[in-house]
Amino acid sequence: MPPPAAVAFARLPAYIHREQYVRPCNRPKSFVMSDTRLKPRPGVKVERPKLHKVILINDDFTPREFVVTVLKAVFSMSEDQAHRVMITAHQRGVCVVAVFTKDVAETKATMAMDAAKAAGFPLLFTTEPEE
Ligand code: TYC
């Protein structure tokens with residue numbers, strides 16, 4: 001026999017009693033949507049979404065160390081990777097940082113530029129679709 005509701009509720013972890021807990025979905029975990037298709041139907045072409053490059057642009061004002069810090073924070077790069085990308089942009093004018101889906105590329109470019117703006121630097125990133 002299941003415990004009465006009050007007993008079951010008292011046993012829940014503390015965070016569930018607070019308003020910060022948001023139940024993600026009403027469906028039980030085992031629920032499988034009935035129209036889920038494992039294979040595309042014959043004749044229906046499925047295409048991968050086009051990936052977008054995030055491009056770092058050189059300028060004469062942003063400190064090198066700041067560029068490295070932003071690349072590490074926003075693009076999860078190591079110190080070494082971030083330094084190489086920064087130096088490439090510094091020497092050649094631009095450097096491709098990474099490729100993502102359109103939304104992620106635009107969000108990361110915006111986050112990186114917002115961080116620069118907040119620190120008073122004119123650092124720019126652009127995005128463009130891959131060929
Ligand atoms: N050119 C900058 C300097 O000498 C450093 C820098 C590198 C700035 C790359 C932007 O995308 C950039 N301080």
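## Terms and ground rules

In this report, Ala, Val, Leu, Ile, Met, Phe, Trp, Tyr, Cys and Pro count as nonpolar, Asp, Glu, Lys and Arg as charged, and the others, Gly among them, as polar. The model is predicted: local features need pLDDT of at least 70, side-chain atom pairs count only at pLDDT 80 or more, and totals for chains, interfaces and linings use all residues. Residue numbers start from 1 along each chain, following the sequence as written.

## The chain as a whole

Let's start with the overall layout. The chain has five helices and three strands, where helices (H or I, at least four residues) and strands (E, at least two) are DSSP runs numbered from the N terminus. Read from the N terminus, their order is α-α-β-α-α-β-α-β.

The chain has 131 residues, and 16% of them count as buried. Buried means that 20 or more other C-beta atoms lie within 10 Å of the residue's own; 12 or fewer makes it exposed, and anything in between partly exposed, with C-beta atoms placed from the backbone.

## Around the ligand

Which residues come nearest to the ligand? Of the 13 residues around it, these are L56, N58, T62, A89 and H90.

The largest share, three residues, comes from α4. Sorted by class, the shell has seven nonpolar, three polar and three charged residues.

## Where α3 meets α5

Now look at α3 and helix α5 (residues 102–119), which pack at an angle of about 140° with their axes 10 Å apart. Axes are lines fitted to C-alpha atoms, for helices over the stretch in contact, and angles run from 0 to 180 degrees between N-to-C directions. That angle makes α3 oblique to α5, because angles under 35 degrees count as roughly parallel, over 145 as roughly antiparallel, 65 to 115 as roughly perpendicular and the rest as oblique.

On the α3 side, the contact is made by F66, V70, V74 and F75; α5 brings K108, M111, A112, A115, A116 and A119. Two residues are in contact if their C-beta atoms, placed from the backbone, lie within 7 Å. By class, this contact has nine nonpolar, no polar and one charged residues.

## A closer look at V74

V74 lies in helix α3 (residues 64–75). Why does V74 count as buried? V74 does so because it has 22 C-beta neighbours inside 10 Å. Leaving aside neighbours within four places in sequence, V74 is in contact with K108, M111 and A112.

Methods:
A residue is near a molecule or strand if its C-beta atom, placed from the backbone, lies within 6 Å of it.
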